[in-house]
Amino acid sequence: MTAPLLELAGLTVDIATEDGGSRTLLDGVDLTLAPGEALGLVGESGSGKSMTVRAITRLLPRAATATGTVRFEGEDVLAMDAGTLRTYRDGGVGLVFQDPRAHINPTRKIGAFLIEALVGNRKVPRREALARAAKVLAEVGIDDPERRLGQYPHEVSGGMLQRVMIASVLLAEPRLILADEPTTALDVTIQREVVGILDRLRRERGMGMVFITHDLDLALAVCGRVAVMYAGRIVELRTADTLHERAAHPYTLGLLGSRPAIDARAERLTAIPGRPVSAFESGEGCAFAPRCSFATEQCETTPPTLARFDGGLVRCSRVEEIHAARTEANA
Amino acid sequence: MGRLLLQRLGGLLTTLFLSSIVIFGSLYLAPGSPENVIFGSRTPTAAARAAVRHRLHLDQPLPVRYWDWLTGVLHGDLGTSMVTGQPVVDRVGSGLSTTLLLVLMSMIMVVVLGLTMGLVAALLPGRVDGVVNALTSVTVTIPSFVASALLISVFAVQLGWFPASGIGQGFAGKVQGLVLPAVALAVLSCGFLARVTRNAVRDQLEREHVQTALVRGLPRRTVLRSHVLRNAMPPIITAVGLLAAGTFASTLVVESAFAVPGIGQLTIQSVAQKDFPVVQAVALMLVAAFVVCNAASDLIQAVVDPRLREAGSTS
Amino acid sequence: MNSVKSTWKRLNKALGRSGMLSLAFLVAVLLAAVLAPLVAPADPNQSSLLDAYAGPSGTHLLGADGIGRDLFSRLIFGARTSLLGPALVVGVALFVGIPLALLASWYGGWVDGVVARVFDLVYALPGLLLAVLTVALFGPGLTPAVVALSVAYIPFLARIVRAAARQQRVSPYVDALAVQGFGVLRITVRHILRNITPVVVGQAAIAFGYALLDLASLSYLGLAVQAPTPDWGVMVSDSDAMLKGYWLQVLAPGVLIVLTVLALTVLGARISGEKPPGYLRRRPPKTVAAEKNRTTVGAAA
């Protein structure tokens, strides 16, 4: 077993509120990622998946506090000084944001954006940096890369801009890529293409990846393991295969049920009743209990723990019973 | 870019042309005939009046007179003062350099102080921001003539550091005499620019692309310079353009307060004496300064923000 | 009684502490202006050479000016001309500007284009210069100054109304009303205008402040209100007192101008719904850990 690339232990993020109180957004997240591994982080908005990525890069809002540990190649990220943090952000980790339009400076040319880190941090000569940038642009499937380098972000499409963003991360050759809903802002037709490029180039370069999405299928397609998050906690962590075949947590089952199946002529999409809650809104029991069709009185009062189940981890007190009932029904 | 330049230049010339018509036309529609200025309280004979009217081309129809005046202006001939009989060019010329120096000094103060205060307030939230904010919300309401009165009371009358009125000989004397007027002009604008700068920088600090730059491990200084400040420039440039234009208008007040012999004071004097050729000339100059400042700020903005280059729309 | 209380509460909430203070100050100034003959301790134009440059005392609360006129009374009477002028300017500018702006925003197209161009053109001329030219034509006085500034302030307010109304114009609710067969006049006046009222009132208050500054500047130059009529701008122009070192006679009206304009801008900003500046808002308490982990550039140094 190699040393993990990334290790989160008890990662908790609280945010101070206007009225002087504080709210928990992320509640004790434990995760490990091996070098070159891809892990999916799936959940609805407010589940804490984006906050996890922000904590990993220490890019939290000013009012937020992170506790617990984040280790990257054994080094404590939360305790890094400014210089170490910059080195880590420069070459250790790369972040692909959701909305490239907002996340790329609109007043500077694409070329300037791409080579900025190379020239600024690593003192690569401009000419060479531009040549490298053009090469990577071609790799992410952009035609005529030299011309694109001289264009401004508002002159190209959203799909192309997201490729530019991916190229900017690949150029830095980080050991870990964090992709925060990289395709949500794009047209459906372009989504798969962009994810495909990201997945292929990451594999070729042996980079680790944390892939964040609310689309469970997409996560299952690109990642070896998938963590499902709800209300700031991980509720199920399994390999993609077992999750796909034998999802155990009622919430995951709900997510799988609320997507249209191509093979079956489903009468109706089953939606999860109620709305997702944030960590600070959940009561003392299981956060999912109010929306869970299997919930008992005990679920409302006693918080379940993340326990071993079927080769993975599941946070549900009734996981065995539910599993047994489902197996029986299917048989 | 070239199209925008042409468009701006066209708009500038149109505005100047229209205002020249307004200025020329309105002054000759004034109640009382212009030649009365020359006769003063005397009652002229009909022949003398006719002679003067002919000499001033007042017997020509308005469009003809306007055309004569306009071609004169384009050839550098602004007419003759009705009061002193000097060519207007001479009267205006001596004051113009003083006014330009005054506006320049004032704008240097505004840009240096206003930008610094705004930046400090934006980068240091909390107490520093609060103090700067409180200070600027008061200074933006201090009109230049109140500032003039205050400055004269303290620095000219009480301390005697600067002259209370007029300017000295030579460049150094001129500059020394213009310090207080320049400060009086700068007080309001400084606060305004500081507020615009603070808000623009704050706005950019919260932008997503700044996070991108940070998460790529770029040094804070680089992020501030090439992302935050660079992108915050357009509103700041607009403000500087507006303030420079406004400063030209305010020289009317401040030059009168400090008895600075510039075109602002000349305007007020000529208005009091009904010396129309001079009023026309200086008014046109002030309008020109005003529109040039605004157009210049538009063009500089387009250089900074590529998205404005091809827009072509002005509103 | 109860409704008075709840109105007070709502007002307090909407305007905040700074807004309420500004409102109180403005109401006080307005009352002083309206009730000047009752409030002022002396006749503002009664001179007595024995009292020339008298210091503050029982008879002259703030002292007297160079020809022995009571300064305090002159300030109170001065509020009348100082407020009347800008009130007229803003009134006329709104009366002309709102219909034009609504027309432009409703019809769009070339109507909007023409109106916008004209606004831009007038906006390109500094109001002060326009007023000085008008005075050159008609001779000094409050009326020509007010007329000129009214013209200059029309685009200032109309541009704001136009932008706000345009935003309303494209909202679905306006289309819904139009589909229901309501007329243009009814929709613009009863719905659009009503919805943009806070912005218009707030910006009108701010314009009032600017107009006050401009008119006071003109009076200071001797082009609007004429001495010996008591007026704040005129009083600041008493260079005799200033050069002799009697600063109170000059700075008291100056300070009143500044405070009034300050109150107007603060109130105007609150009414139009701008957030109060940071130092008036409560901030979340910072913890040590938050201090350590924050990564926003703004927190540098």
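# A guided reading of a predicted three-chain model

In this predicted model, 22 residues of chain A are in contact with 18 residues of chain B. Three helices of chain A, namely helix 2 (82-92), helix 3 (100-103) and helix 4 (110-122), each supply at least two residues of the side of chain A that touches chain B. Sorted by class, that side of chain A holds nine nonpolar, eight polar and five charged residues.

Chain B also meets chain C, where 41 residues of chain C are in contact with 54 residues of chain B. On the side of chain C that touches chain B, at least two residues each come from helix 4 (109-123), helix 5 (127-138), helix 8 (184-220), helix 10 (239-243) and helix 11 (247-271) of chain C. Helix 11 of chain C gives the most to this side, with nine residues. By class, the side of chain C that touches chain B comprises 32 nonpolar and nine polar residues, with no charged residues.

The model as a whole scores ipTM 0.81 and pTM 0.80. Chain B has a mean pLDDT of 82, with 91% of its residues reaching 70 or more, and among the elements of chain B the lowest mean pLDDT, 64, belongs to helix 2 (residues 36-39) of chain B, while the highest, 91, belongs to helix 5 of chain B. Over residues 311-315 of chain B the pLDDT is below 50, and this stretch has four contacts in the model beyond near neighbours in sequence.

For chain C the average pLDDT is 78, and 89% of the residues score at least 70. Confidence in chain C is highest in helix 3 (residues 71-107) of chain C, at a mean of 87, and lowest in helix 12 (residues 288-293) of chain C, at 34. Where pLDDT is low, the predicted coordinates should not be read in detail.

Within chain B, one helix pair can be followed closely. The axes of helix 5 (residues 88-123) of chain B and helix 12 (residues 276-304) of chain B come within 10 Å and cross at roughly 45°, which means that helix 5 of chain B is oblique to helix 12 of chain B. The crossing of these two helices of chain B is right-handed. Helix 5 of chain B brings B:V88, B:R91 and B:V92 to the contact, and helix 12 of chain B brings B:P277, B:V278, B:A281, B:V282 and B:M285. Seven of the residues of this contact between helix 5 and helix 12 of chain B are nonpolar, none is polar and one is charged.

Turning to the fold of chain C, its secondary structure comes to twelve helices and zero strands. Of the 301 residues of chain C, 45% count as buried, and 69% of the contacts in chain C with a separation of 6 or more are accounted for by residues 24 or more positions apart.

One residue of chain C gives a local view of this. C:G19 lies in helix 1 (residues 2-34) of chain C, and C:G19 counts as buried because 22 other C-beta atoms lie within 10 Å. Apart from its neighbours within four places in sequence, C:G19 is in contact with C:V266, C:L267 and C:R270. C:G19 and C:R117, by comparison, are 98 residues apart in sequence and 35 Å apart in space, taken from C-alpha to C-alpha.

Two residues of chain A deserve a look for their backbone angles. Most residues other than glycine have a negative phi. A:D144, although it is not a glycine, has a positive phi of about 55°, and A:D144 is placed in the loop between helix 5 (126-139) and helix 6 (145-149) of chain A. A:A231 likewise has a positive phi, near 50°, in a residue other than glycine, and the place of A:A231 is in the loop between strand 9 (225-230) and strand 10 (233-239) of chain A.

Is each of these two residues buried or exposed? A:D144 is exposed, because 11 other C-beta atoms lie within 10 Å, whereas A:A231 counts as buried, because it has 25 C-beta neighbours inside 10 Å.

Conventions: Residues are numbered from 1 along each chain as its sequence is written. Chains are lettered from A and ligands numbered from 1 in the order in which they are written. This is a predicted model: local features need pLDDT of at least 70, side-chain atom pairs count only at pLDDT 80 or more; totals for chains, interfaces and linings use all residues. Axes are lines fitted to C-alpha atoms, for helices over the stretch in contact, and angles run from 0 to 180 degrees between N-to-C directions. Helices (H or I, at least four residues) and strands (E, at least two) are DSSP runs, numbered from the N terminus. Angles under 35 degrees count as roughly parallel, over 145 as roughly antiparallel, 65 to 115 as roughly perpendicular and the rest as oblique. A crossing is left-handed if the near helix is turned anticlockwise from the far one by less than a right angle, and right-handed if clockwise. Two residues are in contact if their C-beta atoms, placed from the backbone, lie within 7 Å. Ala, Val, Leu, Ile, Met, Phe, Trp, Tyr, Cys and Pro count as nonpolar, Asp, Glu, Lys and Arg as charged, and the others, Gly among them, as polar. A residue is buried if 20 or more other C-beta atoms lie within 10 Å of its own, exposed if 12 or fewer, and partly exposed in between; C-beta atoms are placed from the backbone. pLDDT is the predictor's confidence in each residue, from 0 to 100.
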